[in-house]
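Welcome! Take a moment to look over the protein shown here, and then we will walk through a few of its features together.

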Amino acid sequence: MEKGDLVPDFTLPDQKGVERSLSTLLKDGPVVLFFYPAAMTKGCTKESCYFRDLASEFAALGAQRIGISMDSVERQALFTSTNALDYPLLADVGGNVAKLFGVKRTVDFLKVKRATFVIGQDSRVAEVITSELNMNAHAERALEALAALKP
């Protein structure tokens, strides 16, 4: 997936086992979909908590934060409760959505590349953010992209 690409609809369970579809989420505003390699790891915890801490900034821009990894629903639930995360975490156990976005790694240990996609309500990718080492860059650059979407 690259900037300008149309994102096909997909459905995955969240940390509560509730099925979430991209098309339904987009009805409430742009979606910031961030892929992280593994719940309960240091870097992924830092990144996810930073998205949590910027809740009001994302809300002010009408955007929803959605985390996604190849972890199970149960692992996502533990990650959510351990870190008081206030947004959905999707369980892409088979990695099908990661493949769709081009972020699935061939090595199972690392699972996915750390990448964030800002998706406008038109289902098009407005921005792609990649950084394996700067955990805060994803949320900060997503906010900049969202601000640019505003008329």
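In which sense do strand β6 and strand β7 pair, and over how many bridges? Strand β6 (residues 115–119) and strand β7 (residues 125–130) run antiparallel, joined over five bridges. This is a predicted model, in which local features need pLDDT of at least 70 and side-chain atom pairs count only at pLDDT 80 or more, while totals for chains, interfaces and linings use all residues. Residues are numbered from 1 along each chain as its sequence is written, and side-chain values use heavy atoms, with hydrogens and water left out.

- Strands here are DSSP runs of E with at least two residues, helices are runs of H or I with at least four, and both are numbered from the N terminus.
- Two strands count as paired if DSSP finds at least two bridges between them.
- Phe 117 has Val 128 of β7 as its bridge partner.
- Five residues lie between β6 and β7 in this hairpin, and Ser 123 in the turn has a positive phi of about 70°.

**Helix α2**

- Helix α2 covers residues 42–53, which makes 12 residues.
- From first C-alpha to last, α2 reaches 16 Å, close to the 16 Å expected at 1.5 Å a residue (the expected span is 1.5 Å times one less than the number of residues).
- Buried residues of α2 include Gly 43, Cys 44, Ser 48 and Phe 51; buried means under 20% relative accessible area, exposed over 50%, and partly exposed in between, using a 1.4 Å probe and protein chains only.
- Among the elements that cover the buried residues of α2 are β3 (31–35), β4 (64–69), β6 and α6 (137–149).

**Salt bridges**

- Side chains of opposite charge can pair when their charged atoms come close.
- The whole structure holds five salt bridges, each being a side-chain nitrogen of Lys or Arg within 4 Å of a carboxyl oxygen of Asp or Glu.
- One of them joins Glu 47 and Arg 114, at 2.7 Å from N to O.
- That pair links distant parts of the chain, 67 residues apart: Glu 47 sits in helix α2, and Arg 114 in the loop between α5 (96–101) and β6.
- Both Glu 47 and Arg 114 are buried.
- Another salt bridge joins Arg 65 and Asp 86, at 2.9 Å from N to O.
- Arg 65 lies in strand β4 and Asp 86 in the loop between α4 and β5 (89–91), so this pair ties together parts that are 21 residues apart in sequence.
- Arg 65 is buried, with a relative accessible area of 10%, whereas Asp 86 is partly exposed, at 43%.

Terms used. Contact = heavy atoms within 4.5 Å.
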